[in-house]
Amino acid sequence: MKKETQRKSASSAGLAKKRRGADGDGNNNGGPLNVAGELVCTTETTLTDAQMLELYRYLKLTRMVEERLVNLYRQTKIVGGVFRSLGQEATAVGTCYALEPQDFISPLIRDLGAVLVKGIRPREIFAQYMAKAWGPSEGRDLNIHFGDMSKGFIGPISHLGDMIPVMTGIALGARMQHKNLVAVAYIGDGGMSTGAFHEGLNFAAVQRLPVIIIAEHNWYAYSTPTSKQTAVKDLADKAAGYGIPGHIVDGNDVIACYEVTKKAAEFARGGGGAVLIEAKTYRRKGHAEHDDQRYLPSGELDEWERKDPIDRYERHLISQNVATREKLNEIMADVQREIDEDVEWAESSPMPEPEKAAYGVFDNSIAPPALRPKIFGGN
Amino acid sequence: MSTATKKEHKSNRPSRGGVATFVEAIRQGIWEEMERDPTVFVIGEDVGVYGGAFKVTDGLLDEFGEGRVIDTPISEGAIVGAACGAALMGMRPVAEFQFIDFISCGFDMLTNYAAKCRYRWGAGLATVFRGPCGAGVHSGPFHSINAEAFFLNTPGLKIVEPSTAYDAKGLIKAAIRDPDPVLFFEHKKLYRLPRLREELPEDDYVVEIGKARIAREGRDLSIITFGAQVLTALDAAAELEREGLDVEVIDLRTLAPLDKEAILTSVKKTSKALLLHEAARTGGIGGEIAAVIAEEAFEWLDAPVVRVAAIDTPVPYSPPLEEYHLPQLKDVLDAARKLAAY
Ligand SMILES: Cc1ncc(C[n+]2csc(CCOP(=O)(O)OP(=O)(O)O)c2C)c(N)n1
Ligand SMILES: [Mg+2]
């Protein structure tokens with residue numbers, strides 16, 4: 001019963017129509033429209049105008065940082081993969097923006113937006129991708145695989161699902177220390193099929209821990225469609241199996257993402273326990289830069305291009321008189337300036353000293369670094 | 001770019017034999033086994049339409065259909081477990097890990113179920129678990145591991161890692177026909193390496209599991225290695241030849257069960273052994289081989305056994321760090337010279 005009421009509240013915040021496939025099924029307009037009949041965002045919000053503009057800034061920042069990463073990749077300044085969140089930025093940005101500073105997140109590779117909202121600077125991201133010494137992992141790991149406890153950011157590892165138990169532990173540890181915070185774990189339609197996801201969420205649920213799962217339903221896991229990933233109709237249906245509330249939100253409506261997460265966080269913070277939010281969105285780029293997306297049905301991309309979350313939000317801001325086009329351009333120019341500065345900073349970083357590889361496996365004040373051994377033990 | 005239409009994709013049946021890369025050789029091997037034996041099937045993440053992250057299973061779906069080329073959820077435990085169950089029913093699954101790093105998610109099923117079935121109740125599991133392993137391509141801590149040492153201490157799992165296109169095809173076929181679980185590791189650096197392109201026989205052939213190969217004959221010292229490091233060893237041998245050193249290179253090909261005879265024969269001939277592997281040094285297969293040599297060829301040795309391996313850290317992403325982490329040609333040369341001069 002609880003689930004139904006929860007879903008209703010999500011609905012007032014811009015609930016997407018239920019659907020089975022990501023291909024066109026005539027519901028492109030499954031959301032609020034402006035007077036011109038174009039898709040905009042939900043108007044039911046507690047966000048102030050200033051906050052709405054800040055949200056816009058994060059959306060643009062996310063997209064433009066990624067575009068810059070692609071450029072750097074093409075210039076071979078990035079030797080690892082580049083993973084885009086094109087078309088789904090609103091999910092990461094909107095959900096994370098609803099959190100308090102003391103809250104923790106563990107994003108996925110496509111949640112750069114959430115990382116930026118948490119206060120990680122683009123320069124850290126650029127230096128990390130470029131494998132530089134000044135990057136947060138000093139060249140040891142890729143992309144957003146790092147963390148910053150002071151900002152409530154726990155970087156993921158590649159192994160999908162593993163962060164769900166870890167975030168359960170964050171919430172557990174916090175509760176033991178009488179800290180009132182929520183732990184938000186992002187997971188894909190694919191990652192939800194892992195054993196770790198199940199174990200972690202089940203544990204959070206029985207402990208009634210304030211863990212929020214953001215299930216990013218972008219319809220693909222690499223090339224695998226959701227229909228091969230799960231037999232449930234909506235990912236939110238999985239919540240029932242854990243005895244926790246599940247919500248569905250239009251992942252391309254940044255305001256709806258904000259509102260639904262805000263409510264879920266209040267619920268979790270107030271002792272309600274774990275919550276699962278399914279954000280329906282779409283991954284418009286391939287899994288990574290090399291992926292030719294040969295598996296996509298034709299037309300699907302075009303449909304989702306029309307539902308672009310940033311275009312949609314721009315229309316919303318303008319039609320709601322929150323901003324003029326000029327104001328939005330100003331914000332964009334400011335973002336561009338920040339990115340240029342940060343790329344320059346990251347490029348000026350040296351590469352790490354080779355020998356640094358040997359340090360930091362253990363606390364080196366106790367155990368020595370793993371330096372290259374001498375042949376014949378000493379000569 | 002118009003995104004409305006995607007190019008029609010159809011992958012061709014690989015040629016039977018002919019000039020092939022390492023990846024093509026494995027693809028040929030799986031394809032031919034699926035043609036030969038209707039119980040052989042492929043299971044894994046993105047192995048169907050996409051043809052696998054490295055395209056090892058490209059085209060299989062068109063040829064053999066969804067019944068025998070099964071895209072799974074991201075559930076390695078289920079992939080391994082279901083492969084075992086199907087094998088109990090008489091099927092021959094070839095399961096793919098998208099990267100061998102994700103084998104950890106199937107570890108329980110492999111080490112507890114797959115490895116112990118025959119021993120406990122005589123139920124051999126004709127299963128192959130394969131995937132790309134190895135570092136050196138800046139993929140960081142989670143897409144670079146060499147997993148053999150995790151499994152060496154688990155009796156009941158065979159472990160194979162080829163270094164040539166010929167062996168890759170012959171060994172994948174042997175693995176598919178083998179009555180027991182075989183872990184088949186493919187170093188991702190080798191997949192499309194032009195150097196490994198070679199003419200493969202048109203006729204069906206297998207390479208026996210459990211048999212090493214002499215990749216290069218020599219008299220002065222033995223480099224015992226496998227996988228991509230065979231190339232490093234051969235490069236070192238070529239350079240050392242100019243210095244008057246005659247190096248033998250043993251390509252193990254199978255890591256479990258280890259071909260002790262080949263190792264001992266070589267070491268007894270050269271009296272000096274250099275063990276080379278890409279995984280971290282501590283607890284690596286080099287330690288096991290060193291023990292075999294110490295136990296069974298001690299009197300023949302003219303020098304200590306030397307290991308050249310990665311340092312005991314995760315595989316770092318940044319090129320200078322990764323280079324420091326991994327064994328390099330220079331390390332092999334240094335070690336070989338010291339060994340020769342001992
Ligand atoms: C346990 C595990 N198995 C396989 C992979 C390889 N892999 C990386 S991303 C990916 C697809 C992920 O899809 P999804 O969870 O839907 O996230 P999305 O990429 O759509 O954001 C796969 C299979 C992995 N990272 N972890
Ligand atoms: Mg997905």
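How many salt bridges does the rule find across the interface of chain A and chain B? I started my notebook with that one, keeping in mind that this is a predicted model.

**Entry 1: salt bridges and polar contacts**

I found three salt bridges across the interface of chain A and chain B. I looked up one of them by name: Arg294(A) pairs with Asp58(B), and their closest N and O atoms are 3.3 Å apart. That sits inside the 4 Å cut-off for a salt bridge. I then turned to polar contacts and got 18 residue pairs between chain A and chain B, with both residues at pLDDT 80 or more.

**Entry 2: what chain A brings to the interface**

Next I asked which elements give two or more residues to the side of chain A that touches chain B. They are helix 5 (122-129) and helix 9 (300-306) of chain A. Helix 9 gives the most, with three residues. Sorting that side of chain A by class, I noted 23 nonpolar, 18 polar and 13 charged residues.

**Entry 3: extent of the interface**

I looked up the contact totals too: 54 residues of chain A are in contact with 56 residues of chain B. The two chains bury about 4,300 Å² between them, and 62% of this is on carbon and sulfur atoms. In chain A, the residues that lose the most area to chain B are Arg294(A), Arg372(A) and Phe376(A), together 20% of what that side buries. So my Arg294(A) from the first entry turns up again here, as a salt-bridge partner of Asp58(B) and in this trio.

**Entry 4: a glycine in a loop**

Where is Gly152(A) found? I located it in the loop between strand 2 (147-148) and strand 3 (153-154) of chain A. Is Gly152(A) buried or exposed? Its relative accessible area is 2%, so Gly152(A) counts as buried, the limit being under 20%. Leaving aside residues up to four places away in sequence, Gly152(A) touches Asp103(A), Phe104(A), Ile105(A) and Lys118(A).

**Entry 5: cysteines**

I picked two cysteines to follow up. For Cys96(A), the closest cysteine sulfur is in Cys257(A), 12 Å away, which is too far for a bond. Cys96(A) is buried, at 3% relative accessibility. For Cys133(B), the closest cysteine sulfur belongs to Cys105(B), and at 17 Å it is too far for a bond as well. Cys133(B) is buried too, with a relative accessible area of 1%.

Terms used: Residues are numbered from 1 along each chain as its sequence is written. Chains are lettered from A and ligands numbered from 1 in the order in which they are written. This is a predicted model: local features need pLDDT of at least 70, side-chain atom pairs count only at pLDDT 80 or more; totals for chains, interfaces and linings use all residues. Side-chain values use heavy atoms; hydrogens and water are left out. Helices (H or I, at least four residues) and strands (E, at least two) are DSSP runs, numbered from the N terminus. Buried means under 20% relative accessible area, exposed over 50%, partly exposed in between (1.4 Å probe, protein chains only). Contact means heavy atoms within 4.5 Å. Buried area is the accessible area (1.4 Å probe) that two parts lose on being put together, summed over both. A salt bridge is a side-chain nitrogen of Lys or Arg within 4 Å of a carboxyl oxygen of Asp or Glu. A polar contact is a pair of N or O atoms within 3.5 Å; within protein, one must be able to donate a hydrogen and the other to accept it, and residues adjacent in sequence count only if both atoms are side-chain atoms. Ala, Val, Leu, Ile, Met, Phe, Trp, Tyr, Cys and Pro count as nonpolar, Asp, Glu, Lys and Arg as charged, and the others, Gly among them, as polar. A disulfide is a pair of cysteine sulfur atoms within 2.5 Å.
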